[in-house]
Amino acid sequence: MVEHELIIKQMNMYGMTRQDMDDMIASEMHPLMGGHYMLAMSILSDAQECIAIGLEDRARRYINRAKYVMCTWNEYDNKTSDVGQTNQTI
């Protein structure tokens, strides 16, 4: 698929590009930002608000964003799972 077509598809699906979403996820991984779970809940809250005011297509995009965040949990969790742990056994 041509890059331009891919960007159009991503914009229709998410309302932003995957690179934008990856950047959004990365910024949520900073301390005190809440991480993936809080980001997904926040996006789903935005979707609920859109549904309440009749913006169904925008809500669909927010839900797709939340699903993308959920799909990346494993990827990011595996990268950070050993942070702060020691080699000691209990």
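Reply: Of the 90 residues in the protein, 26% are buried. Buried means a relative accessible area under 20%; exposed means over 50%, and partly exposed lies in between (1.4 Å probe, protein chains only). This is a predicted model, so local features need pLDDT of at least 70 and side-chain atom pairs count only at pLDDT 80 or more, while totals for chains, interfaces and linings use all residues. Residues are numbered from 1 along each chain as its sequence is written, and side-chain values use heavy atoms, with hydrogens and water left out.

Now the layout. The protein has four helices and zero strands. Here helices are DSSP runs of H or I with at least four residues, strands are runs of E with at least two, and numbering starts at the N terminus. From that end, the order of elements is α-α-α-α.

Begin with its charged side chains. Side chains of opposite charge can pair when their charged atoms come close. A salt bridge puts a side-chain nitrogen of Lys or Arg within 4 Å of a carboxyl oxygen of Asp or Glu. The whole structure holds two salt bridges.

One of them links Asp57 to Arg60, with 2.9 Å between the closest N and O atoms. Why are Asp57 and Arg60 about one helical turn apart? They sit three residues apart in helix 4, and that spacing is about one turn. Asp57 is partly exposed, because its relative accessible area is 39%. Arg60 is also classed as partly exposed, because its value is 34%.

Asp57 has another partner. Arg61 meets Asp57 in a salt bridge of 3.2 Å, N to O. Arg61 and Asp57 are four residues apart in helix 4, again about one turn. With a relative accessible area of 23%, Arg61 is partly exposed. Shared partners join Asp57, Arg60 and Arg61 into one salt-bridge network.

Leu44, Ile51, Ile63 and Met70 make up a nonpolar patch on the surface. Together they have about 310 Å² of accessible area. That area comes from the Shrake-Rupley method with a 1.4 Å probe, and for residues only the protein chains shown count as cover. Patch residues have over 30% relative accessible area and no salt bridge; nonpolar side chains (Val, Leu, Ile, Met, Phe, Trp, Tyr) are joined within 5 Å, like charges within 9 Å. Met70 belongs to helix 4. Its relative accessibility is 35%, so Met70 is partly exposed.

Ala47 lies in helix 3. Ala47 is buried, because its relative accessible area is 2%. Along the chain, Ala47 and Arg65 are 18 residues apart, yet their C-alpha atoms are separated by 9.8 Å. Gln48 is in helix 3 as well. At 56% relative accessibility, however, Gln48 is exposed. Gln48 and Ala59 are eleven residues apart in sequence, with 7.0 Å from C-alpha to C-alpha.

Met13 lies in helix 1 (residues 3–14). Between Met13 and Arg65 there are 8.4 Å, C-alpha to C-alpha, although they are 52 residues apart along the chain. Met13 is partly exposed, at 25% relative accessible area.

Last, follow helix 3 back to helix 2. Two packed helices are described by the angle between their axes and the distance between the axes. Helix 2 (residues 18–28) and helix 3 have axes that come within 8 Å and cross at roughly 125°. Axes are lines fitted to C-alpha atoms, for helices over the stretch in contact, and angles between N-to-C directions run from 0 to 180 degrees. Helix 2 and helix 3 are therefore oblique to each other. Angles under 35 degrees count as roughly parallel, over 145 as roughly antiparallel, 65 to 115 as roughly perpendicular, and the rest as oblique. Their crossing is right-handed.

Met38, in helix 3, is partly exposed at 45% relative accessibility. Met38 and Glu28 are ten residues apart in sequence and 8.6 Å apart in space, C-alpha to C-alpha.

Notes:
A crossing is left-handed if the near helix is turned anticlockwise from the far one by less than a right angle, and right-handed if clockwise.
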